[in-house]
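Here is a colleague's note to read beside the structure. Take the points in order and find each residue as it comes up.

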Amino acid sequence: MILEVKDLKKYYDDKLAVDKVNIQVEKSEIFSLLGPNGAGKTTTIKCILGMRKKDSGEIYLNGTYSYLPEKKELYKNLTVQKMLEITPSISNNFSLEKAYNFLKEFEIPLKEKISKLSYGMLTQLYLTIVLSEDVDIYFLDEPTEGLDPLKRLRLFDIIRNLSMNGKTFFYTSHVLSEVEKIADKVAIMVNGQIALMDYLDNIKENYVACAVDKTTTLNGYLYKQTEKENVYIIEKDKINCNYETATFDMIFEAIAKNQIRGDKK
Amino acid sequence: MKKEILDIRLKVIIIFALMIGLFFTFAPFQNFTVSMFSEELPSLEKYLGDNFAENLKDWNFYITSQWFGKNFGQFVPIISIILAFSLFSREYERGTIEFLVARLPRRKIFINKLLVSLITLIIIIFTLSILPSIYSIITAKDFNHSLVFKFMVHVLIGGFFWYSITLLFSVLFNTQIKSLFTSAILLTITTTLGFIKPLGFMNTYKYILGSELFTNGVNWIYSIILLLIGSFCIYFAYYIFEKKEI
């Protein structure tokens with residue numbers, strides 16, 4: 001196991017931002033931490049990387065890492081070329097040759113000042129640096145923000161290729177479709193807690209949608225209420241009613257809503 | 001370290017350009033200054049002490065009092081503050097600290113920044129301190145070069161003291177403006193309080209400008225105290241940086 005987080009807790013003053021989070025990531029997995037804004041995803045990553053102090057819990061990170069933060073900030077006074085040239089003095093794992101190849105692909109002008117790059121281009125430059133580092137695990141916090149659909153797809157290709165070559169990814173996002181495209185394993189995080197963690201295929205396989213009349217409650221996640229019935233997302237083996245296949249969107253929405261209301265049935 | 005050198009390069013060029021320019025606003029004009037004090041502004045003597053205009057005729061007194069005791073001396077704390085205030089606070093303010101912390105141990109980040117800026121400060125102060133010597137040699141003036149060493153001790157230690165305090169503020173505060181203003185306000189307060197006789201020790205300018213160097217020589221006790229406080233500030237800054245949440 002390349003990363004194991006046990007019972008991680010993090011408070012900001014009295015507010016519990018991360019609550020007993022447990023995560024296991026195996027080597028060469030693409031792990032996605034999925035959750036709405038403010039769920040605690042960034043804080044979790046920052047605790048793992050030692051940027052924020054954990055209040056309790058254990059973190060085992062067995063390997064070198066690189067990190068793409070949520071706020072993509074590089075040295076604005078430098079040109080793209082200068083930024084790449086100084087990076088080897090900051091990162092031991094950085095390959096300038098790889099970086100130039102990525103830049104060419106992303107079509108970012110070398111002589112352009114970083115302050116003049118659009119947010120999308122800045123994200124691509126940051127990704128260029130991160131993906132040009134030869135490390136065991138890449139932590140990518142909202143890596144597709146500002147990228148156009150083609151660049152997103154290209155990024156997913158790169159991630160998949162690196163993963164097939166033994167690299168591990170810890171990927172946070174609030175965009176379901178992305179996660180569905182790329183992730184092997186998913187953890188759904190809401191209000192600082194991991195509501196569900198499993199391989200994506202298992203989640204889609206194990207959860208179904210079940211509609212019951214309003215007087216019946218089920219031990220699952222209430223997805224929606226109509227005039228006559230309630231629709232639950234529920235584990236297939238806990239079911240004793242007719243069911244339909246649930247999409248990943250439905251599963252996520254039901255879990256997130258219930259976790260926010262704190263009324264998991 | 002390459003990044004730190006790039007960061008500080010522009011500041012160094014500006015400081016050197018301004019200070020060397022400042023040096024040449026008075027160094028070649030000894031005769032003019034002497035005549036101004038002795039003929040046109042004799043009333044100033046009651047503030048500047050007896051025989052001030054007479055003393056100015058002595059090249060040793062003229063160049064050291066005008067450079068260390070006035071022009072350069074006044075700028076030493078300001079140069080130190082300018083070199084240190086943005087070291088960490090700019091990284092926090094612009095969010096680039098994450099780029100560094102994710103790639104380098106904090107200890108190394110701190111040491112890189114400390115070494116580059118402190119060595120730069122020492123080079124600046126050393127070079128500007130020996131300007132009177134260089135100028136005297138070039139213009140064939142009779143100059144007691146050992147005076148430069150004495151003044152250099154005071155400006156180096158005074159510069160180090162204000163550099164260390166500002167470094168601490170730079171680690172503590174997340175914005176450059178807070179770090180800069182706090183250092184500047186502290187410099188103003190300590191200097192002002194130093195005018196009250198019992199609190200005279202608080203006025204570091206008195207030490208940096210070498211007001212008593214001609215009569216009492218290097219003030220070693222004050223020097224050691226400033227060095228100790230400065231070293232403590234650097235250690236404390238490191239301790240805070242190690243623990244600081246990013």
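1. Overall size of chain B. The model is predicted. A compact globule of 246 residues would have a radius of gyration near 18 Å; chain B has 20 Å, which agrees. Along its principal axes, the C-alpha trace of chain B spans about 65 × 45 × 30 Å.

2. Secondary structure. Chain B has 14 helices and zero strands.

3. Inside and contacts. Of the 246 residues in chain B, 52% count as buried. Now take the contacts in chain B between residues at least 6 apart in sequence: 77% of these join residues at least 24 apart.

4. Surface and charge. Chain B carries 21 positive and 15 negative side chains. The centres of these two sets lie 11 Å apart.

5. An aromatic pair in chain A. Over all chains, the structure holds 28 aromatic pairs. One of them joins Tyr65(A) and Phe139(A): the ring centres are 6.1 Å apart and the planes stand at 85 degrees, so the pair is edge-to-face. Tyr65(A) sits in strand β5 (residues 65-68) and Phe139(A) in strand β6 (residues 137-141), so the pair ties together parts of chain A that are 74 residues apart in sequence.

6. Buried or exposed: what is the state of Phe139(A)? Its relative accessibility is 0%, so Phe139(A) counts as buried; the cut-off is under 20%. Tyr65(A) has a relative accessible area of 22%, so this residue is partly exposed.

7. An aromatic pair in chain B. Phe88(B) and Phe241(B) have ring centres 4.8 Å apart and planes at 55 degrees, so this pair is tilted. Where do the two residues lie? Phe88(B) is in the loop between α5 (59-84) and α6 (89-94) of chain B. Phe241(B) is in helix α14 (residues 220-243) of chain B. The pair links distant parts of the chain, 153 residues apart. Both Phe88(B) and Phe241(B) are buried.

8. An aromatic cluster. Which residues of chain B do ring pairs link into a cluster? From the phenylalanines come Phe23(B), Phe24(B), Phe26(B), Phe68(B), Phe72(B) and Phe151(B). Trp59(B) and Trp67(B) belong to the cluster too. Tyr62(B) and Tyr135(B) complete the list.

Terms used: Residues numbered from 1 in each chain as written. Chains lettered and ligands numbered in written order. Predicted model: local features only at pLDDT ≥ 70, side-chain atom pairs only at ≥ 80, totals over all residues. Heavy atoms only, no water. Helix = DSSP H or I, 4+ residues; strand = E, 2+ residues; numbered from the N terminus. Rg over C-alpha atoms; globule rule 2.2 N^0.38 Å. Buried < 20%, exposed > 50% of the residue type's maximum accessible area, 1.4 Å probe, protein only. Contact = heavy atoms within 4.5 Å. Lys, Arg positive; Asp, Glu negative; His and termini not counted. Charge placed at Lys NZ, Arg CZ, Asp CG, Glu CD. Phe/Tyr/Trp six-rings, centres within 6.5 Å; stacked < 30°, edge-to-face > 60°.
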